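Here are a few exercises to work through with the coordinates open in your viewer. Try each task before you read its solution.

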Amino acid sequence: EMFDATLKDRELSFQSAPGTTMFLHWLVGMVYVFYFASFILLLREVLRPGVLWFLRNLNDPDFNPVQEMIHLPIYRHLRRFILSVIVFGSIVLLMLWLPIRIIKYLLPNFLPYNVMLYSDAPVSELSLELLLLQVVLPALLEQGHTRQWLKGLVRAWTVTAGYLLDLHSYLLGDQEENENNANQQPNNQHARNNNAIPVVGEGLHAAHQAILQQGGPVGFQPYRRPLKFPLRIFLLIVFMCITLLIASLICLTLPVFAGRWLMSFWTGTAKIHELYTAACGLYVCWLTIRAVTVLVAWMPQGRRVIFQKVKEWSLMIMKTLIVAILLAGVVPLLLGLLFELVIVAPLRVPLDQTPLFYPWQDWALGVLHAKIIAAITLMGPQWWLKTVIEQVYANGIRNIDLHFIIRKLAAPVISVLLLSLCVPYIIASGVVPLLGVTAEMQNLVQRRIYPFLLMVVVLMGILSFQVRQFKRLYEHIKNDKYLVGQRLVNYERKSGKPGTSTTPPQSSQE
């Protein structure tokens, strides 16, 4: 109902393109599981150790999923699989199915989302969806303040629920209370004895945690057990479900509302892909919250400090825009166009047809390629590009060095990409016609020169690598067979003659 699709439509789409349909559903499921696991890791930073005893800790150094997969019996894996399906399915029903029902009842004209994929459209919506999932959301969620906001909201909700239901000790532990009320410890102990049963690191929760840790650290912190504890836990779960429902309603409606309202100034009443409206509304909401928090932090410092901060931030934003145009605009566009000429066009377009290039789609794919290349570069050996990228990451946005980025990163990369695009085109369109070849041969050279030169460059790289390896092997064999010994000799200058130096004795070598 969110996309105005029925099971019959899903069946028809699966029959027409089973591979694409399976991949899209798998991708959505993987993104959901990834962000769910990220949220659980954030919860572990806030809650008392031992509250989430029924969920595995992915940051535990003793957690070895491959070893458990081999050693544990099949029924244990089936039990965990069924438990995971129940947990994930319940969250999907709570945060997707029920909010959609409520939205359709309260806002009948809001749904469905417009996500129709047109095959004849000049822009591939699938590439933009991948761009949103791989670039926009990680860039938004990986920001430190965004994670701190979410962590602060979770902590505020936990403190509120803990004090309302008298579960503060169960959710957050007694460390804060012991630090704040160290002088009143006998009174608190007497109240605990009259109120409830003290709980130590024993019981079902701790035993289960110890079994999961397989003899490692228990990670269980004692807590105070209040009266009517099961009823309070049930009310806590109900409160949590209501909070998740309200949060889901806000996330499903507010960004799309804001994005549709902003897009209406440019497109009027025309329907737009909800990918654009959701991304636009999400960033507008994020920028609004960020601006409000910054102004609230600056207000006590006075008007003069605020003007100085605005001036500094304006200069930083201008530098960031210049860097973004170069590194997030020009470089991905050139990279996507080069990928289109080298890989996509020779494979998809026959020689008797003319390839069409869409700059927006090439840019979207170029962003993904640039992200992959940057990740591979950072994981690879040390060379000039890795050193420059690490330096740019270390400086950050606040200490951005525009001259360094343009001189060391943007200019060399753009020069290499422009040469890769222009040199083959000059050869195919300027040099080859002077040789007097036929029109068919000119077309063949123009269409195949990019992959041909790529094969030549790759072959030359492999050959140079093999030549270096053979030289190292040759030196190793020569030294192993003929080298008798080496002797380290101190290098000393002659006294009274600072301008000359003695020649160190040669190593005894045969």
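**Exercise 1. Find the loop that holds Pro112, and work out which peptide bond there is cis.**

Start with the location: Pro112 sits in the loop between helix 4 (74–106) and helix 5 (125–141). Helices here are DSSP runs of H or I with at least four residues, strands are runs of E with at least two, and both are numbered from the N terminus. Next, check omega: the bond joining Leu111 and Pro112 is cis, with omega at about 5 degrees.

A word on the ground rules: this is a predicted model, where local features need pLDDT of at least 70 and side-chain atom pairs count only at pLDDT 80 or more, while totals for chains, interfaces and linings use all residues. Residues are numbered from 1 along each chain as its sequence is written, and side-chain values use heavy atoms, with hydrogens and water left out.

**Exercise 2. Describe how helix 1 and helix 2 meet.**

Get the geometry down: the axes of helix 1 (residues 7–16) and helix 2 (residues 18–46) come within 5 Å and cross at roughly 120 degrees. Those axes are lines fitted to C-alpha atoms, for helices over the stretch in contact, with angles from 0 to 180 degrees between N-to-C directions. Now classify the angle: under 35 degrees is roughly parallel, over 145 roughly antiparallel, 65 to 115 roughly perpendicular, and the rest oblique. The two helices are therefore oblique to each other.

Last, list the contacts (heavy atoms within 4.5 Å). Helix 1 brings Arg10, Ser13, Phe14, Gln15 and Ser16, and these meet Pro18, Thr21, Met22 and His25 of helix 2.

**Exercise 3. Which residues share an aromatic cluster with Phe110, and what lies over the face of Phe110?**

Rings of Phe, Tyr and Trp (its six-membered ring) pair if their centres lie within 6.5 Å; planes under 30 degrees apart are stacked, over 60 edge-to-face, and the rest tilted. With that rule, Phe3, Phe110, Tyr113 and Phe257 make up one cluster. For the charge, the test is NZ of Lys or CZ of Arg within 6 Å of the ring centre and within 35 degrees of the ring normal. Arg260 passes for Phe110, at 4.7 Å from the ring centre.

**Exercise 4. Classify the pairing of Trp383 and Trp384.**

The structure holds 14 aromatic pairs. In this one, the centres of Trp383 and Trp384 are 5.9 Å apart and the planes make 75 degrees, an edge-to-face pair. Trp383 has 40% relative accessibility, so it counts as partly exposed. Trp384 is partly exposed too, at 44%.

**Exercise 5. Where do Asp166 and Lys228 lie, and what is phi for Asp166 and for Lys228?**

Take Asp166, in the loop between helix 6 and helix 7 (168–172). Its phi is near 60 degrees, positive in a residue other than glycine, and at 29% relative accessibility Asp166 is partly exposed.

Then do Lys228, in the loop between helix 10 (204–213) and helix 11 (229–267). Here phi is near 55 degrees, again a positive value in a non-glycine residue, and Lys228 is exposed at 63%.

Terms used:
Buried means under 20% relative accessible area, exposed over 50%, partly exposed in between (1.4 Å probe, protein chains only).
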